[in-house]
Structure formats: C-alpha cells, structure tokens
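Welcome, and thanks for taking a look at this one with us. Please have the structure open as you read, so that you can follow along.

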Amino acid sequence: MSIERILLQVQQSAPRHPYLLKELLAEISGSPANFEHCIQLLETSEAGRLRLKFYIERVFHRKDITYLLIDSGIARRTGFTSEIVRKIKHTFIPEEKDKTTFHETIAVVFSGGKVVSRFTQTQLTRLLEVLQLEVDFNDHRLKHELIDAIEILSYRITATAIESEFINKFRRNKTLNSFIKQNKEIHALIAQYTLGVTFNPHQVRHIKQLLDESVEDINILKRNSYHQGVSLQFTYSLHRISRQIERLKVLFDIYMEPKLRGGRLGTLLHTFLQGETRKNSIRKQLDETTYLLAYQISEHESRTGEHYIAETPAEYKTMFGSSSKGGVFASLMTLVKIVLHHIPFAPFWQAFAYSLNYAAGFVGIQVTHATLATKQPAMTASRIAHSLDKKDSDENSIRGLALMIGKVARSQFVSFAGNLLVVFPLSFVIAIAYFYIFGEPLVNRQQAYKMMQDVHPFLNPTWFYACITGVFLFLSGIISGYYDNKVIYSNIPLRIRHHPWLQKVVSKRALVRLSRYVETNLGSLIGNMSLGFFLGMAGFIGFIFGLPFDIRHITISSGNYAVAFFTLMDDIKWQHALTCLLGVLGIGVFNFIVSFGLAIFVAARSRKVKASQFIDLVKWTWVYFKKHPGDFFFPPKQERLVDDLK
C-alpha cells in the first residue's frame, strides 16, 4: 500500500487498531526516499499531520507503560542459564501478547523488531518533531506509573546488592553503602510524595550522586575481579544491576523534566525499542553477559602469554632451547602413538590411549618448562589485545603495538624452528634405531604410505584438519584461562591450606607449596590435558559419525613424516616427498592462523576494542615489516623504538 493511500485511510477512519501505523512504518523504514516523501506530505498537509497524530495518540491511549519503564531492555532475575533457556523457548513459542500494554503495542507496530533495525534514531526523532508528538508525565496516571517504576527499581538494585555473593565481594572491597543509601533516600522521597510533596531537586541530585557512587563500586568490583575471580552468574548480576541503575537515572530525569518531545522523546523511545525488540535475542544475551568473564579469561591468558614472547637476543636463545626441548617431547609422543597403534584396541580405547599419550606429553612440556609452538598463539594474541586495550589511540601507541607484533612473530618463528629442527631428525633417528634393534621398520610400507597420505595437501583434507586442530588449540587456551579464573574465584589455594584431612597428612610447608603450585599451574595443566583429549578423540568422533573430522598437528605430523620417510626412502618419489613436506609446513601455518585468529578475535571482543584501532595496527605492522623484515624472524641488535617506524 502506498504512503498516500495509508495517510488517506488514516484521515477517513483513524481506527484504534494499529495496522495502518504498522504499514506506514514498514513503508518508510529502510528507504530514505520513502521516508523523505512521507515527511514532505506531513509538512505540506496540516490536516493530514493532525489526523495522523490523533491516530497515533488513539492507538497508544491509556496503554500501561509500567513494564516498559522497569523491565524493557533489562535482563531478568532468573539467571544466565535460565534466561538463555527462556529466550530459546520464546523464540519458537512466543509469549501471549497483552494488547493493553505499551510495549506489546510497540512490538506490533514495529513488526516485532524487523522495522526497528531499519529505523535510525535520527529518523525517529525527525518524524516525532514533524508530528509534534509529546508525552507529558504530569498526567496523573503516567506520573503514578513513573513513581512506581522508580520505587521498584530502587528495591531491586538493593535486593541484588545484599545477596550473599555480592555482600562478600562488597565487604572485601569496602563498598556497599551507596546501594543501601539510595534506597533509603528514594523511600523517604516517595513517602513525602504520597503526602503531596513533590520531589526536591536537591534530594534528586543527591540520589543521582549515590547512584553514580554505586556505578563506581561496580567498576571497583570489575577491576578487582582479576585478583578475586568472577563467575558467570556474578557477571550476569553485575550487568543487570548496572542497567537498572542507568534506567533509574533516566526515570529521575523524566520526573524532573516531564514533558518529552523531539530529541528527548526520540532518544528514549529508540532506547526502549532496541531493548524490547532484543528481549528474546540469544546473541545479545551472550554478548552482554559473558563480556566480563571473557575479559577475565583473556586477562589470565595475557599474563601467561608474557612467557611466550622473546624480546631480547638472550630470550630468543632461551626460547629456542625450550622449543628444542618441546621437540623431544613431540618425538616421544609420536613414537608412543605408533606403538599404541600396533596394539589391537577397540576404537574407543585406542582413541582414549592416544588422548592419554598427548595429554601426558603436553603436561610434560609444561612441567619441564619446554615450549610447543602451537600453544603460543592463543596466549600471545591475548597479550596484544590486552595491550591495545590499555593504550591510547594515538599514533605512537599503535606503532608500539606494531613493534610488539614483530616480537610475537619472531617468537613464533623460533618456536617452530626449535620444534621442527628436533622433531624431524630425532624421529628419523628413532626409526633407524628401532630398525637396527628389532630388525624391522617401526612402520611397514603400507602404514608408511598411509602416514604420507595423511599429510598430503591434495589427496586429503589435510589443511582442513589443521584448521580443526587450530580450533582445539584455541579452546585449550580458553579452558586454561577459565580455570585460572576459577582457582582465584573459588579461593582454592586457601581451601587447600586449611583442608582438615591434608593438614593431618601433609606438613604446613608442603601445603603452602602445593597451594601456590595449584594457583599458578592448575589452569595450564587442565588446558593441556583438555588439548590432549581433543586431539586424541577427534578421529574417533569422525569415525563413529562418518564425518571428515580429524586433526593434523604440526609437530606430530612432522614426526610421522620422518618415520614414514625412513621406511619409504629407497623408492619414494622425491616430488611426492616434497609435496608431503609442503603439506606438513601448511599444517603449521593453518594451526597458527586459526588459533591466533580466534584468540585475538575473542580477546578483542571481550575488551570491546574498536575496529579502527586494528586497522591502524595492521597498517603500522606492514610499515614495520617493509622497513625491518628481519625483525619478524630474528631479534635486532638494538631494540626498536616507535620513532624507527616513522
């Protein structure tokens, strides 16, 4: 239906049902030309404007706005998991609509949110200004609902703040008074209002100051949560109470200036529309409530990542040595896996044995302070995002980060070099030793051809499997960060020291050492064990589901390649051998790209890093590479400064 016909029908009938308004908004949203045409028609026809204004007022006449003021755009009290389940249910089976409420009428008018996404706040404000619409909260009914909303929100904020988990956190940080004081002040203010006394502007300013103090107390909790840990439920509650405080301040602003028109009305209405149309959005829920938890996980990763960056020539040599040690473990894992393959296990138990082998190897690498190159990306990416978050957006800071990316790149290079320069020759030597000791090759020719085919880049989805491995490497980093946070949040070190049974059988000194070890290493241990089981079970999952699902890890694949090459080196074609070697190197590249890309994406999202900062970072990193390409592979003789990139 055309805009002219819709406006004509409005002038002829102006029904109470909002279907004409719904069609009008659908026509003008997402089309600047249609929007301007509608505005022009309203500006040139006073009768049409007045009739449309009357129709809108009639559609929303005496609609209950209580829910809109209190709950719209604010998460429910049910908790994170319950809220996710509720939103999934209501996505498939929508809630019953109450046509007497303002928010449900809005949902109908704006087509359940489809129109809102195409309607800018500027357009909404302009339409309201042309129509000269206003909402006056001096109206007795509206003011009564506004006062009720203020009182309810105040009680809800205080109720959340005095829950046991919050009390424990607030007392530890010597904060809590502002939450209780604001409720007392608002209660006194409303008690005076019931006696006919209007809100005192000085009291309102004082209450808003208390609300600002509450916001600062919440920020203190967020900052200190790095040392105290955080749970997903606690994060959800922090997010909810922050939104409630923001809404309460908005309601006080409405009370002090009750006549809403133009820009104020447009801003408020657009905020309510966004909240109402996203109330069943699972993605929005995840984005908002997991932000702080993701921050904490990546924060712990970034601290661990400091050990994976070689900045000086001395650290570069140390990194090469630890990577060489990691190569020894990788060769041993390869040998053990081949031996396990010869044992006639059932498929599940064979995969379980592979998992134990990998887990033991990765834990051994950690315990001996060795380095596995593919474990670095998830850690160092978080370090970059952490630094970017703390930097200003000026040019010098971005250039400083570009220098750090150079340090990360050469750290990755020396780690790969250390791993591969040991894995291949050591695995080859192991194959030779096995042949001379037992009189037969470690793997027969058929098995060797299969191992070569497994790393061939064109006969198998080898690099796709390498990408799957990159995802697992990333997940292991997330798991490490999660459990590092969990150790702090659950106060596990102190609980170990005061454990009644351990105190009887272990000395106090040993308990202290154990608690410190758990505090600093439990996350990494669980992350490494998780990675072992991810890699060991992947092939079994692909087997039972009949899916192309498997893993290719650079160090293990290079060890397999070396063993297979020894068996086949008498008659293997060199072109085939070089192609398989290319496949092995490609596995390393895809392991790195996927794990690093996912880690830096999540770390950046958790800190809300702006895209413009990353664009500048990429630009200066490219400038750095063009001027000093060697720095991305070897440490410079003198430390680079930001001025060197000018």
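## A helix pair

In this predicted model, helix α17 (residues 313-342) and helix α26 (residues 554-568) have axes that come within 9 Å and cross at roughly 65°. The crossing of α17 and α26 is right-handed. On the α17 side, the contact is made by A330, T334 and I338, while α26 brings in T555, I556, G559, N560 and V563. Sorted by class, the contact of α17 with α26 holds four nonpolar and four polar residues, with no charged ones.

## Nonpolar cores

Let us turn to the cores. Which residues have the most contacts inside the largest nonpolar core? They are I28, L52, L127, F199 and F252, in a core of 69 residues. Helix α13 (residues 232-256) supplies the largest share of this core, with nine residues. As general background, nonpolar side chains tend to be buried together in soluble globular proteins.

Helix α7 (residues 102-109) is mostly covered, with seven of its eight residues buried. Those buried residues are F102, H103, E104, T105, I106, A107 and V109.

Two single residues are worth a visit as well. Is S214 buried or exposed? S214 counts as buried because its relative accessibility is 0%, and buried means under 20%. This serine sits in helix α12 (residues 201-228). Not counting residues up to four places away in sequence, S214 touches S178, F179 and I245.

E27, for its part, is found in helix α2 (residues 19-28). With a relative accessible area of 27%, E27 is partly exposed, because that class lies between the 20% and 50% limits. The C-alpha atoms of E27 and C38 are separated by 9.3 Å, and the two residues are eleven apart along the chain.

Here are these two residues side by side.

| Residue | Relative accessible area | Class |
|---|---|---|
| S214 | 0% | buried |
| E27 | 27% | partly exposed |

Key: Residues numbered from 1 in each chain as written. Predicted model: local features only at pLDDT ≥ 70, side-chain atom pairs only at ≥ 80, totals over all residues. Heavy atoms only, no water. Buried < 20%, exposed > 50% of the residue type's maximum accessible area, 1.4 Å probe, protein only. Helix = DSSP H or I, 4+ residues; strand = E, 2+ residues; numbered from the N terminus. Contact = heavy atoms within 4.5 Å. Axes fitted to C-alpha atoms, helices over the stretch in contact; angles between N-to-C directions. Left-handed = near helix turned anticlockwise from the far one by under 90°. Nonpolar A, V, L, I, M, F, W, Y, C, P; charged D, E, K, R; others polar. Core = buried A, V, L, I, M, F, W, Y, C linked by side-chain atoms within 4.5 Å.
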